[in-house]
Amino acid sequence: MIKIDYNFALKDIIGDKGISINEIEKLRGKSLEVHKRIIQEINNQKIGFYQLLNQDLVELKNKVDVYKQKFKNMVILGIGGSSLGAKAIYNALDKNSPRNLFILDNIDPDFFIDFIEKLNLDETCFTVISKSGTTTETISQFLIILDKVKNRFQQDFKERLIIITDPSKGGLREYVNNFKITSFDIPQNVGGRFSVLSPVGLVPLYFVDINIDKLLEGAKDYSKICLKESIFENPSYLTALIQFISFFKGKNISVLFAYSKFLENFVEWYKQLWAESLGKEEKFGFTPLKAIGVTDQHSLLQLFMEGPDDKIITFIKIKNYKKSLSIPKIDETNYYSYLFEHNLNEIFNYEFESVKVALAKRGKINYTIYIDMLDEYHLGALIFYFMIKTVFTGYLFKIDPFNQPGVEEGKNFTYGLLGRKGYENKKIEFENFMSKIRQQFII
Ligand code: PA5
């Protein structure tokens, strides 16, 4: 299923720059405390995403089935934790559904307007996802779409809408209650970036026939391993400890190097989870960096090898591919004979192994998450692995991995500039700061 190889993080294999088992052992006491806190917070439901593993999907499926029968497209209006999870899983898997999913997580006008102009409204339903119900980007999209859909379909507009939001609070919930729109709850104890296994991820994924039962099954099965007390038996804890120790050795950039073209969006999901959860107090956190094998061997690898020694690299490697192809023997030339009859899968694997060893030989700390295959089950497991690893790492740093106070200032300035009531001072603050700017632009 999932196996983690951390040989190349260890001193006795990669040399002095590595980590010793003793350094990990020394954190046993602290780890036990963090483990107990996690178990307690699961039991008292502070960590809400754990409860999602046992949710009953019957009602969710019944409600979404109605939309599946009527529509060819679902458009997601949402951003951050409200869209990255579904996007990660949808783009990691084969697209076998007759229906399409479009995820609009940007209000870049040229992108958004172009998209909606080309969209066939008759065949499309819209799912608005926002836990707070206040996110400017999502609500702006919602208002534009609402107007369009109402103009076109009058009272039938409701049949084309789904809203996923907080069970009781916010403008979207109020809208659901007033207009009786089909809705799903995001449990109050599940934060945006931890919500992929809630209706936030499951509704869109089920619409395009992704096996959400398997997704939850994978997460549930792997949760048993990722919540084990013993650090050497728990992949989330052990790799969190490797990250934690590395941080104090100056490794504050955390590369997720996925050897899969299909995991690009999964790495984006991880980037948000890791950055927003751990970047706190102006001293903690790792800058997450996306790398995709083999492509970034020809882009970032030079930096990883010979740039500043400030990175820790997590590889993801899939063991079994769905397809296979051999390089044919070409009679006209012998120049490339070393490639003849080698399978593409074999070359991909050799390249991965070679890069890993080249980095290790230079003392660059890395470890590899091997997964058997890219399917719902393994993605569910991987999601749970990363979520618990993030919480564990946060608690090792003694920070709150569930909040994101740093994003509020920018949001508040935007409200001020938009003229939202109650944010008048933010506008003044913004303008005062901007008044320092001199006209010193380079043209
Ligand atoms: O992880 C988080 O909480 C955030 O990234 C949110 O998901 C993001 O800001 C979107 O928020 P909302 O779902 O309230 O629109």
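This is a predicted model: local features need pLDDT of at least 70, side-chain atom pairs count only at pLDDT 80 or more; totals for chains, interfaces and linings use all residues.
The side chains of Arg 193 and Glu 276 form a salt bridge, with 3.3 Å from N to O. Across the interface of domain 1 and domain 2, two salt bridges are found.

Now the domains. The chain splits into domain 1 (2-38 + 216-396), domain 2 (49-210) and domain 3 (407-441). Domain 1 puts 27 residues into the contact with domain 2, and domain 2 puts in 24 residues. The centres of these two domains, over C-alpha atoms, are 31 Å apart. Together they bury about 2,200 Å², and 72% of that is on carbon and sulfur atoms. On the domain 1 side, Leu 216, Asn 265 and Met 387 supply 27% of the area buried against domain 2, more than any other three residues.

Next, the largest nonpolar core, which has 102 residues. Ile 38, Leu 197, Phe 266, Trp 269 and Phe 386 touch the most other members. Helix H15 (residues 376-396) gives the largest share, 13 residues. Both domain 1 and domain 2 contribute residues, so this core lies between them. Trp 269 has contacts that include Leu 84, Arg 193, Phe 386 and Met 387. A separate core of 23 residues includes Leu 104, Ile 145, Leu 146 and Phe 157.

Last, helix H16, residues 408-418. Asn 412, Phe 413, Tyr 415 and Gly 416 are buried there. Viewed down the helix axis, the buried residues fall within an arc of 160°, so they line one face of H16. They pack against helix H7 (136-153) and helix H17 (424-434). Just after H16, Gly 419 has a positive phi of about 85°.

Key:
Residues are numbered from 1 along each chain as its sequence is written. Side-chain values use heavy atoms; hydrogens and water are left out. Buried means under 20% relative accessible area, exposed over 50%, partly exposed in between (1.4 Å probe, protein chains only). Helices (H or I, at least four residues) and strands (E, at least two) are DSSP runs, numbered from the N terminus. The arc is that of the directions from the helix axis to the C-beta atoms. Contact means heavy atoms within 4.5 Å. A nonpolar core is a set of buried Ala, Val, Leu, Ile, Met, Phe, Trp, Tyr and Cys residues joined through side-chain atoms within 4.5 Å. Domain bounds come from an automatic or database domain assignment. Buried area is the accessible area (1.4 Å probe) that two parts lose on being put together, summed over both. A salt bridge is a side-chain nitrogen of Lys or Arg within 4 Å of a carboxyl oxygen of Asp or Glu. Lists of a residue's contacts leave out its neighbours within four places in sequence.
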